[in-house]
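Look at the structure before reading on.

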Amino acid sequence: MSDEPTQLPDSENPHAAEFAVLEALKSEVEVLKDQRLRALAEVENIRRRAEREKAEASQYAVTKFARDMVGIADNFARALAAVPRSVREAADPQVKAVLDGVEATDRQLMQTLERHGVKPVATDGKFDPNLHQAIAEVPGNGKPGGAIVDVVQTGYMIGERLLRPAMVTVAKKEMPAQVSGVDTKV
């Protein structure tokens, strides 16, 4: 005879009910372990999402204020552009001092904006509809079609988001002369 206990049919085994309860408990433990792991993963995902949202909120909280400030930067730039270098050099020392003050204030404003994540949109090169707003098509004067010819108003980014698009004029695409059956030479 072997030393292993003989498995009696359930009807004859006095411990069958206890084995069934034990199996049910093991199954329930496995289900609860799975639920616990899923709950922990969900809590971790929520924590990460909250951290990301907090970081974005702090980075982009100044958006409305930054929009107002870039309007002020535009006014400083217009004021400085209104006085050509030749007029400035010939101006009275007091007027020069005022212009120097306006220039210094403009620089400080731009440095402060940059320190808070606000930077001008790049306008060198090709027109990008995600960053630029074309207000007119003009002759390219040697620039290829679609290239930015002039910046009418500087655009700004805050972090990775567009705060305000740059308003630009864009070079017209050169159309090749239409070839028709008629000779236009006289």
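This is a predicted model: local features need pLDDT of at least 70, side-chain atom pairs count only at pLDDT 80 or more; totals for chains, interfaces and linings use all residues.

A crossing of two helices is left-handed if the near helix is turned anticlockwise from the far one by less than a right angle.

Q: Which hand does the crossing of α2 and α4 have?
A: Helix α2 covers residues 63–81 and helix α4 covers residues 93–115. Their crossing is left-handed.

Q: Are α2 and α4 roughly parallel or roughly antiparallel to each other?
A: The two helices pack at an angle of about 150°, with their axes 10 Å apart. Angles over 145 degrees count as roughly antiparallel. The pair α2 and α4 is therefore roughly antiparallel.

Q: How many residues of the contact of α2 with α4 are nonpolar?
A: On α2, the contact includes M69, V70 and F76. On α4, L99, E103, T105 and D106 are among the residues that take part. By class, the contact has 2 charged residues, 1 polar residue and, as asked, nonpolar residues numbering 12.

Q: Which element supplies the largest share of the lining of the largest pocket?
A: This pocket holds about 180 Å³ of space. At least two lining residues come from each of α4, β3 (148–153) and α2. Among the lining residues are A73, D74, D106, V151 and Y156. The largest share is 4 residues, and the element that supplies them is α2.

Methods. Residues are numbered from 1 along each chain as its sequence is written. Side-chain values use heavy atoms; hydrogens and water are left out. Axes are lines fitted to C-alpha atoms, for helices over the stretch in contact, and angles run from 0 to 180 degrees between N-to-C directions. Angles under 35 degrees count as roughly parallel, over 145 as roughly antiparallel, 65 to 115 as roughly perpendicular and the rest as oblique. Contact means heavy atoms within 4.5 Å. Ala, Val, Leu, Ile, Met, Phe, Trp, Tyr, Cys and Pro count as nonpolar, Asp, Glu, Lys and Arg as charged, and the others, Gly among them, as polar. On a 1 Å grid over the protein atoms alone, a cavity is a set of points where a 1.4 Å probe fits but cannot get out, and a pocket is an open set with protein on both sides within 12 Å along at least five of seven lines; lining residues have an atom within 4 Å of a point. Grid points are joined across faces, edges and corners, and a volume is the space filled by probe spheres set on the points.
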